[in-house]
Amino acid sequence: MPDYKTLAATIHSLTETETDEIALMATIACEVHHSDDRFDWTGFYRVTAPELLKIGPYQGGHGCLVIPFSRGVCGAAARTGQVQLVPDVEAFPGHIACASSTRSEIVIPVRNGAGQLIAVFDIDSNQPDAFTQEDSEGLSAILASVFTRGPNAKDVCVR
């Protein structure tokens with residue numbers, strides 16, 4: 001399990017003056033991916049058109065290039081605006097198998113400072129039931145602190 005407080009501090013120090021969303025996504029994907037051996041594929045799917053996600057910066061093997069909001073775990077996160085914690089991807093209706101090794105997944109909606117959905121952050125694992133509520137809370141806090149930056153962004157607390 002990553003030390004989310006340390007990971008948040010590292011990401012903050014690397015990104016505090018950056019405003020380009022792609023650069024921010026690339027840095028977060030890299031830092032998060034290398035923070036835990038459970039993470040086989042770590043990356044972003046960006047909202048590029050209404051109801052459509054396209055692959056963004058990531059670490060790991062090839063990902064799906066395009067995912068409609070109507071399909072898969074990433075689509076469900078985008079469509080509902082809710083974190084998707086999936087202990088067994090085979091049991092998730094409509095799961096898109098971008099990699100046959102994926103057994104569990106967490107997908108977190110990413111919003112900008114105006115509250116608009118700009119992406120989803122997807123992590124796949126080759127281990128079943130690899131993700132916890134602590135992962136959901138820690139990663140969500142990091143994403144919010146980076147993409148909704150304002151005068152109090154540094155005050156976002158990560159447990």
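The sulfur of Cys 30 lies 19 Å from the closest cysteine sulfur, that of Cys 74, which is too far for a bond. A disulfide is defined here as a pair of cysteine sulfur atoms within 2.5 Å, and a search of the whole structure finds zero disulfides. The model is a predicted one, in which local features need pLDDT of at least 70 and side-chain atom pairs count only at pLDDT 80 or more, whereas totals for chains, interfaces and linings use all residues. Residues are numbered from 1 along each chain as its sequence is written, and side-chain values use heavy atoms, with hydrogens and water left out.

Cys 30 is partly exposed, at 27%, whereas Cys 74 is buried, at 3%.

Cys 74 belongs to the buried part of helix 3, together with Gly 72, Val 73, Gly 75, Ala 76, Ala 77 and Ala 78. Helices (H or I, at least four residues) and strands (E, at least two) are DSSP runs numbered from the N terminus. Because seven of the nine residues of helix 3 (residues 72-80) are buried, this helix is largely enclosed by the rest of the structure. Its buried residues pack against strand 1, strand 2 (52-59), strand 3 (66-68), strand 4 (84-86), strand 5 (104-111) and strand 6, where contact means heavy atoms within 4.5 Å. Just after helix 3, Gly 81 adopts a positive phi of about 75°.

Helix 4 meets two other helices. Axes are lines fitted to C-alpha atoms, for helices over the stretch in contact, and angles run from 0 to 180 degrees between N-to-C directions. Angles under 35 degrees count as roughly parallel, over 145 as roughly antiparallel, 65 to 115 as roughly perpendicular and the rest as oblique. The axes of helix 2 and helix 4 come within 11 Å and cross at roughly 155°; the two helices are therefore roughly antiparallel. On the side of helix 2, the contact is made by Glu 21, Leu 24, Met 25, Ile 28 and Val 32, and on the side of helix 4 by Leu 139, Leu 143, Val 146 and Phe 147. The axes of helix 1 (residues 4-15) and helix 4 come within 10 Å and cross at roughly 20°, which makes helix 1 roughly parallel to helix 4. In this contact, Tyr 4, Leu 7, Ala 8, Ile 11 and Thr 15 of helix 1 meet Glu 134, Asp 135, Gly 138, Leu 139, Ile 142 and Val 146 of helix 4.

Aromatic rings of Phe, Tyr and Trp (its six-membered ring) pair if their centres lie within 6.5 Å; planes under 30 degrees apart count as stacked, over 60 as edge-to-face and the rest as tilted. By this rule there are five aromatic pairs. The rings of Phe 39 and Phe 131 have centres 5.9 Å apart and planes at 25°, so this pair is stacked. Phe 39 lies in the loop between helix 2 (21-33) and strand 1 (41-49), and Phe 131 in the loop between strand 6 (117-125) and helix 4 (133-147), 92 residues apart. Both residues are buried. The rings of Phe 44 and Phe 147, with centres 6.0 Å apart and planes at 70°, form an edge-to-face pair. This pair links strand 1, which holds Phe 44, to helix 4, which holds Phe 147, across 103 residues. Phe 44 is buried, with a relative accessible area of 0%, and Phe 147 also counts as buried, at 7%.

Conventions:
Buried < 20%, exposed > 50% of the residue type's maximum accessible area, 1.4 Å probe, protein only.
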